[in-house]
Amino acid sequence: MEFRSVFVSNPAQLSVRKGQLVIRQEKEITLPMEDISSLLIESRAVTITAAALQELADHGVTTYICDATHLPAALILPMNRNCRQLKQLKEQIAMSLPTRKHIWAEVVSAKISNQARCLQLMGTPGYEELFYMAKSVRPGDPDNLEASAAAAYFPLLFGSGFTRSEDSIQNSCLNYGYAILRGAVARNLAIRGVEPCLGIFHHNELNQFNLADDLMEPYRPLVDLFVASKISDGEQMVPAVKQQLFNLSNYLILQGGKKYKAISAVGRMADSFVRILHRQGRNLEVPELLALQEYHYE
């Protein structure tokens with residue numbers, strides 16, 4: 001079962017040998033492909049063989065490649081890993097407007113609830129209003145409560161006057177964490193044969209990941225909570241910070257009444273979306289934010 005998030009921040013040569021990812025630096029490290037959920041290549045001095053990229057895709061691994069600023073700039077996702085991909089696509093195209101509005105309301109309500117829980121876990125006043133807003137979301141969110149909640153939430157969490165557009169360590173970390181999360185959601189959709197570009201709310205024709213941008217929304221507060229509680233003004237985006245953000249997929253989330261790693265919870269949400277597509281269910285399985293707790297393997 002996949003569980004490793006592999007972070008390569010120094011020059012290396014990556015190849016494949018007998019089902020193992022081989023990482024050559026000063027020493028050679030091998031990892032079973034089947035154990036890897038995601039690979040982030042931060043260093044621009046890393047070389048990787050086409051065979052390794054193909055094996056990673058075959059095993060459903062999300063590969064992130066960073067740009068000159070060390071931010072994720074590209075994703076390599078598995079393709080054609082579902083035997084009924086065309087059927088899934090037809091169901092997505094045929095999804096009714098009322099169903100899309102219902103799903104979007106569930107997404108927005110869960111996102112605002114988790115923003116409220118984030119404030120509550122941080123001991124920040126003002127979370128009660130967000131809980132109230134979460135319960136007031138109507139199908140399709142015609143009142144745009146998602147935006148209203150965000151306008152109140154971020155200044156409460158990071159201080160009066162904070163905006164998502166300013167140049168700060170907090171925003172750099174949020175952007176980095178969101179990019180990793182987006183890739184995790186896109187990957188879980190792709191391996192289930194769901195087309196990530198067909199969103200339920202986002203519909204930018206230039207965006208290949210509209211649906212991933214939809215379904216990642218309730219998980220964003222996990223990144224927010226980590227940044228608010230672990231990152232201080234004046235810190236730098238050093239590799240250690242990036243590695244911790246990359247590892248957030250191994251933190252626990254409550255979903256369906258049980259605790260799961262975030263990466264597993266995302267997979268369960270994707271499964272519930274597929275059930276809705278095939279009219280085998282009506283509701284999306286959404287996450288509930290917990291205090292920061294990393295999953296430890298026994």
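## Threonine 63 and the β7–β8 pair

Threonine 63 has isoleucine 76, in β8, as its bridge partner. Isoleucine 65 faces alanine 74 of β8. Strand β7 covers residues 62-66, and β7 and β8 pair in the antiparallel sense over four bridges. Two strands are said to pair if DSSP finds at least two bridges between them. Strands here are DSSP runs of E with at least two residues, helices are runs of H or I with at least four residues, and both are numbered from the N terminus.

This is a predicted model, in which local features need pLDDT of at least 70 and side-chain atom pairs count only at pLDDT 80 or more, while totals for chains, interfaces and linings use all residues. Residues are numbered from 1 along each chain as its sequence is written, and side-chain values use heavy atoms, with hydrogens and water left out.

Now to the turn. The hairpin of β7 and β8 has five residues between the strands, and histidine 70 there takes a positive phi near 70°. Strand β7 itself is mostly covered, with four of its five residues buried. Buried means under 20% relative accessible area, exposed means over 50%, and partly exposed lies in between (1.4 Å probe, protein chains only).

Strands of a sheet pair through backbone hydrogen bonds, either parallel or antiparallel. In this model four strands form an open sheet in the order β1-β5-β7-β8, with mixed pairing. At the edges stand β1 (4-8) and β8 (72-76); each has a single partner strand, so one side of each is left without a neighbour in the sheet. From one strand to the next, the twist averages 15°.

Helix α6 (residues 169-190) packs on the sheet and touches β1, β5 (36-41), β7 and β8, and its direction makes about 150° with that of β7. Contact means heavy atoms within 4.5 Å. For angles, axes are lines fitted to C-alpha atoms (for helices, over the stretch in contact), and the values run from 0 to 180 degrees between N-to-C directions. On the β5 side, β5 and β7 pair in the parallel sense over four bridges, and serine 38 stands opposite threonine 62 in β7.

Strands β3 (residues 20-24) and β4 (residues 28-32) run antiparallel and are joined by five bridges. Glutamine 20 has proline 32 of β4 as its bridge partner.

## Helix α3 and its partner α4

The axes of α3 and helix α4 (residues 127-135) come within 8 Å and cross at roughly 165°. The two helices are therefore roughly antiparallel to each other; angles under 35 degrees count as roughly parallel, over 145 as roughly antiparallel, 65 to 115 as roughly perpendicular and the rest as oblique. The crossing of α3 and α4 is left-handed, a label used if the near helix is turned anticlockwise from the far one by less than a right angle, with clockwise giving right-handed.

Among the residues making the contact are Ile112, Ala116 and Leu119 of α3 and Leu130, Phe131 and Met133 of α4. The contact of α3 with α4 divides into eight nonpolar, four polar and one charged residue. Here Ala, Val, Leu, Ile, Met, Phe, Trp, Tyr, Cys and Pro count as nonpolar, Asp, Glu, Lys and Arg as charged, and the others, Gly among them, as polar.

Histidine 102 also belongs to helix α3 (residues 97-121). Histidine 102 is buried, at a relative accessible area of 17%. Setting aside neighbours within four places in sequence, histidine 102 is in contact with Arg282 and Asn283.

Tyr153, Phe154, Leu157 and Phe158 in α5 meet Pro221, Asp224, Val227 and Ala228 in α8. Of the residues in this contact, seven are nonpolar, none is polar and one is charged.
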